[in-house]
2 protein chains.
Amino acid sequence: MGDFNQSVILEAIRRSGEGLSRIELVDATGLSAQTITNITRRLLDEGLITEAGRTINGPGKPRVTLRLVAESRFSVGVHLDPSVITFVLLNMSGAVIARRVVRTHDPDPHRIVETMAQTIDGLVDEAGIDRALVAGVGVAAPGPLDAAKGTVVDPPKLDGWHRVPLRSVLAEATGFEVTLEKDTTAAAVGELWTGSATAEDSFLFVYLGTGLGAAAAREGVVVTGSTHNFGEIGHIMVDPDGPPCACGSRGCVEVVCTPQAIVEQAEAAGVFRDEPDDGGARGVEERFARLCELASAGEIRALGVLRRSAEHLAVLISVLTNILDVDRVVLGGPFCAPLSEVYLREIPEQLNRRSATRSVRALRVDSAVVGEDVGAVGAACVVLDAVLTPRASDLYLED
Amino acid sequence: MGDFNQSVILEAIRRSGEGLSRIELVDATGLSAQTITNITRRLLDEGLITEAGRTINGPGKPRVTLRLVAESRFSVGVHLDPSVITFVLLNMSGAVIARRVVRTHDPDPHRIVETMAQTIDGLVDEAGIDRALVAGVGVAAPGPLDAAKGTVVDPPKLDGWHRVPLRSVLAEATGFEVTLEKDTTAAAVGELWTGSATAEDSFLFVYLGTGLGAAAAREGVVVTGSTHNFGEIGHIMVDPDGPPCACGSRGCVEVVCTPQAIVEQAEAAGVFRDEPDDGGARGVEERFARLCELASAGEIRALGVLRRSAEHLAVLISVLTNILDVDRVVLGGPFCAPLSEVYLREIPEQLNRRSATRSVRALRVDSAVVGEDVGAVGAACVVLDAVLTPRASDLYLED
């Protein structure tokens with residue numbers, strides 16, 4: 001029970017922000033005063049928490065406030081996206097203290113791993129941090145993953161990444177322990193860490209990236225699935241009149257809801273005056289940004305395209321929430337920001353109309369707290385999570 | 001920790017079938033010998049377990065085998081289906097010791113509750129059981145439910161059941177504690193209890209009833225969702241060329257995969273020589289049974305209809321397994337038996353072709369252990385579950 005209780009206490013102190021006294025920890029955790037005293041002594045010795053002032057609150061001994069030492073541990077988060085690699089360095093309180101972005105179109109995974117290792121070393125060195133305090137490197141990558149082997153398995157939009165043993169080669173290149181997680185799962189962990197989610201909260205995280213993905217959290221824990229591949233949603237049908245899909249069906253998320261598909265819908269609707277782009281990732285990003293700007297400016301065709309895409313997304317989200325029965329929906333990911341105005345206006349009503357539990361409760365739709373870095377921040381949080389967060393599965397049952 | 005450890009020990013003894021010695025319980029649970037001795041003494045005093053012989057195994061004290069007393073507690077399970085109500089009485093080992101079926105087309109929920117109460121009383125009385133040993137009544141009902149209020153909320157196929165406070169009126173009418181659960185969730189609990197599932201197993205349960213539903217188990221626990229409405233799948237699109245659905249879309253599960261929809265497909269394919277039925281629930285059941293018989297006998301059009309329905313179901317299941325990332329699929333429910341031959345032959349290959357994790361592992365497809373009574377048996381297991389199964393959420397953390 002020792003490690004589990006230690007995590008419970010650390011997590012309570014972290015979440016409090018301002019710190020908690022030992023008495024307040026008894027209330028917050030349900031643990032005995034003796035247990036709190038023993039474990040907080042150990043945490044003080046290890047430098048993870050500190051005594052931060054005393055409060056006199058009526059008669060009796062003044063209460064000592066225990067606060068997390070933000071600079072006691074660090075972690076690196078890397079988001080491997082088809083067109084851009086984002087790196088962040090987080091401290092123990094979840095704050096980003098350094099960030100780098102590397103754009104690459106290099107098709108060779110081994111050269112990319114080399115770049116990743118150099119960037120991570122540079123990030124840690126420039127921050128002037130003792131490498132021994134870095135708890136590890138978390139990598140968020142597009143699924144599916146072979147989590148047991150630590151490999152990226154044929155992700156649809158990462159050519160040349162066929163079964164790359166990313167975890168082991170990056171660990172060797174950096175000397176850090178490396179954790180590999182799906183980008184969508186990492187993003188939901190990031191939302192749990194930095195968002196307003198509570199331990200009882202359950203939410204669906206809809207990740208709007210180059211591809212779309214989903215993650216879910218229940219009782220403060222992100223569901224990973226049995227092979228760490230929870231949330232593959234590319235072939236859910238959202239439009240029976242949609243274009244054909246490589247899977248043999250029609251109108252799947254992958255050919256209707258991605259930024260590339262939305263850009264094509266905009267081209268078909270005559271939103272752009274110039275010739276269609278060659279379809280490269282960079283071209284899609286630029287056209288997508290222009291589409292969103294036009295819609296913001298009230299251009300009627302652009303707005304129509306985004307409204308229609310909100311309808312498609314509402315169908316997808318209703319499929320997911322009707323299956324998963326969560327309390328609310330969080331929209332996030334690198335492509336979320338420019339869409340969130342239209343999506344947050346259009347989706348809630350359509351979603352609730354399609355909700356199987358509409359007569360029991362209304363589903364809330366929020367946008368994520370972390371913006372386009374959510375994958376990298378989330379990956380770093382996955383590493384801190386392993387240090388901090390209590391897990392029932394860590395339990396050893398003993399009287 | 002007392003109750004949690006007690007549940008762990010009881011569950012280990014129950015799962016062993018033949019019983020376990022205290023030493024074996026130390027190995028099976030990870031608890032200390034002292035804890036095992038204390039808790040098993042309490043369980044012996046309460047009559048939940050008994051000493052069932054001694055084994056001499058080399059030198060030292062002979063080992064006493066501890067076994068569950070099957071007749072120490074009982075529970076009643078009720079499955080409320082649109083056309084038939086099934087009642088079972090289970091003992092503590094999960095065995096069905098009495099069963100009744102009531103067919104009714106009474107539209108008045110209050111008369112139905114009266115019938116339910118009388119049938120439950122009769123079941124318990126005729127079995128000659130002390131009512132004090134009945135842990136409660138579990139009711140499996142079609143979703144969605146308002147679990148907080150214990151009401152059935154407008155289930156699509158139960159006319160007249162608008163917000164019936166089933167839990168409280170049945171508790172009042174019987175004097176037993178009543179637990180209300182979705183039929184699909186109850187069925188998955190039944191599979192966990194009676195099937196070969198292990199504590200590590202994660203599976204998707206696909207419920208083939210008058211409507212279709214899904215449930216999922218992870219690490220030996222059925223996921224209920226935050227409002228006990230997990231697994232509403234009626235409006236997932238499986239056929240872009242399918243018939244229109246009341247939700248405004250096309251080709252949803254509800255209009256393609258239900259027994260009624262399959263019967264209509266068979267009628268359109270000219271499987272039956274007589275005139276189309278009037279569409280009543282009884283008529284659908286009869287035609288559905290004839291369709292399955294014809295397919296079994298090799299009638300080519302009937303077989304074609306069932307093969308096509310297997311394709312639709314494979315699309316649905318792939319949507320669910322790609323989201324949920326479970327280890328295997330279990331097909332069950334009252335309409336499963338006559339379909340399982342065709343479905344178990346056709347679905348696995350199609351499902352694995354559509355699986356996002358096909359390069360990581362193959363998904364297994366099994367049929368459920370309990371047959372058409374799975375809803376009622378599962379509902380009774382939900383009640384026993386509350387007595388027996390350890391839950392992390394029952395934990396009070398204390399050194």
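The model is predicted: local features need pLDDT of at least 70 and side-chain atom pairs pLDDT 80 or more, whereas totals for chains, interfaces and linings use all residues. Residues are numbered from 1 along each chain as its sequence is written, and chains are lettered from A and ligands numbered from 1 in the order in which they are written.

B:Arg354 lies in the loop between helix 11 (337–353) and strand 15 (364–367) of chain B. Helices (H or I, at least four residues) and strands (E, at least two) are DSSP runs, numbered from the N terminus. B:Arg354 counts as buried because it has 20 C-beta neighbours inside 10 Å; the cut-offs are 20 or more other C-beta atoms within 10 Å for buried, 12 or fewer for exposed, and partly exposed in between. Its C-alpha atom is separated by 46 Å from that of B:Ala117, 237 residues apart along the chain.

In chain A, 5 strands form an open, mixed sheet in the order 6-5-4-7-10. Pairing requires at least two DSSP bridges between two strands. Strand 6 (96–103) and strand 10 (178–182) each have a single partner strand, so one side of each lacks a neighbour in the sheet. Neighbouring strands are turned by 20° against each other on average, direction ignored. Axes are lines fitted to C-alpha atoms, for helices over the stretch in contact; angles run from 0 to 180 degrees between N-to-C directions.

Strand 4 (residues 74–80) and strand 7 (residues 134–141) of chain A pair in the parallel sense over 5 bridges. A:Val78 has A:Val139 of strand 7 as its bridge partner. Helix 6 (residues 183–194) of chain A packs on the sheet, touching strand 4, strand 7 and strand 10. Its direction makes about 100° with that of strand 10.

Key: Contact = placed C-beta atoms within 7 Å.
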